[in-house]
Amino acid sequence: MREPSDFERQINGYGLTTAHILYRIPDFVSVLQTYVWQDYDLAPDFPRMQQFLDFWQTNLDGPLHSVRYTHQRLIRPNEWRRIEGEFTLN
């Protein structure tokens, strides 16, 4: 089974989610480092972002300090409308 395309995800309600992650460097706990993660995800539960953060906490050494995120649906229902005619150009 193939992975759905970005367009198919958008049609199915996915939106672009961007997470700004601050984490502590393991050797210097007073220093914060930043990481930006971006993927298509479903609001309000954000399963893909949760999966990524779970992976981070399980497998990476840098403990999370904070996560800020934004979400934007790129295709909305009001952007689609039915076309009643067709024009033919030479």
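Two strands pair if DSSP finds at least two bridges between them, and helices (H or I, at least four residues) and strands (E, at least two) are themselves DSSP runs, numbered from the N terminus. With that in hand, 8 bridges join strand E1 to strand E3 (residues 64–72), and these two run antiparallel.

A word on the model itself. This is a predicted model, in which local features need pLDDT of at least 70 and side-chain atom pairs count only at pLDDT 80 or more, while totals for chains, interfaces and linings use all residues. Residues are numbered from 1 along each chain as its sequence is written, and side-chain values use heavy atoms, with hydrogens and water left out.

Now for the overall layout. The chain's secondary structure comes to 2 helices and 3 strands, and reading along the sequence gives the pattern α-β-β-α-β. The strands make up an open sheet of 3 in the order E2-E1-E3, with antiparallel pairing. E2 and E3 are the edge strands, each pairing on one side only. From one strand to the next, the twist averages 15°.

E1 also pairs with E2, again in the antiparallel sense, over 11 bridges. The two form a hairpin with 2 residues between them. Isoleucine 21 has tyrosine 35 of E2 as its bridge partner, and alanine 19 stands opposite tryptophan 37 in E2.

What lies across the strands? Helix H2 lies across E1, E2 and E3, running at about 150° to E2. (Axes are lines fitted to C-alpha atoms, for helices over the stretch in contact, and angles run from 0 to 180 degrees between N-to-C directions; contact means heavy atoms within 4.5 Å.)

Rings of Phe, Tyr and Trp (its six-membered ring) pair if their centres lie within 6.5 Å, and planes under 30 degrees apart count as stacked, over 60 as edge-to-face and the rest as tilted. The structure holds 6 such aromatic pairs. In one of them, the rings of tyrosine 23 and tryptophan 56 have centres 4.9 Å apart and planes at 65°, so the pair is edge-to-face. Tyrosine 23 sits in strand E1 (residues 15–25) and tryptophan 56 in helix H2 (residues 47–59), so this pair ties together parts that are 33 residues apart in sequence. Buried means under 20% relative accessible area, exposed over 50%, and partly exposed in between (1.4 Å probe, protein chains only). Tyrosine 23 counts as buried because its relative accessibility is 18%, and tryptophan 56 counts as buried too, at 5%.

Another pair, tyrosine 35 with phenylalanine 52, is stacked, at 6.0 Å centre to centre with 15° between the planes. Tyrosine 35 belongs to strand E2 (residues 28–41) and phenylalanine 52 to H2, so the pair ties together parts that are 17 residues apart in sequence. Here tyrosine 35 counts as partly exposed, at 35% relative accessibility, whereas phenylalanine 52 counts as buried, at 18%. Tyr23, Tyr35, Trp37, Phe52 and Trp56 form one aromatic cluster.

Next comes the core. A nonpolar core is a set of buried Ala, Val, Leu, Ile, Met, Phe, Trp, Tyr and Cys residues joined through side-chain atoms within 4.5 Å. The largest one has 9 residues: Ala19, Ile21, Tyr23, Trp37, Phe46, Met49, Phe52, Leu53 and Trp56. E1 and H2 are the elements that give two or more residues to this core, and H2 gives the most, with 4 residues. In soluble globular proteins, nonpolar side chains tend to be buried together.

Leucine 53 makes a handy close-up. This residue is found in helix H2, and at 11% relative accessibility leucine 53 counts as buried. Not counting residues up to four places away in sequence, leucine 53 touches Ile21, Leu64 and Val67. Leucine 53 and isoleucine 21 are 32 residues apart in sequence and 9.5 Å apart in space, C-alpha to C-alpha.

Finally, the chain as a whole. Buried residues make up 21% of its 90 residues. Among contacts with a separation of 6 or more, 58% come from residues 24 or more positions apart.
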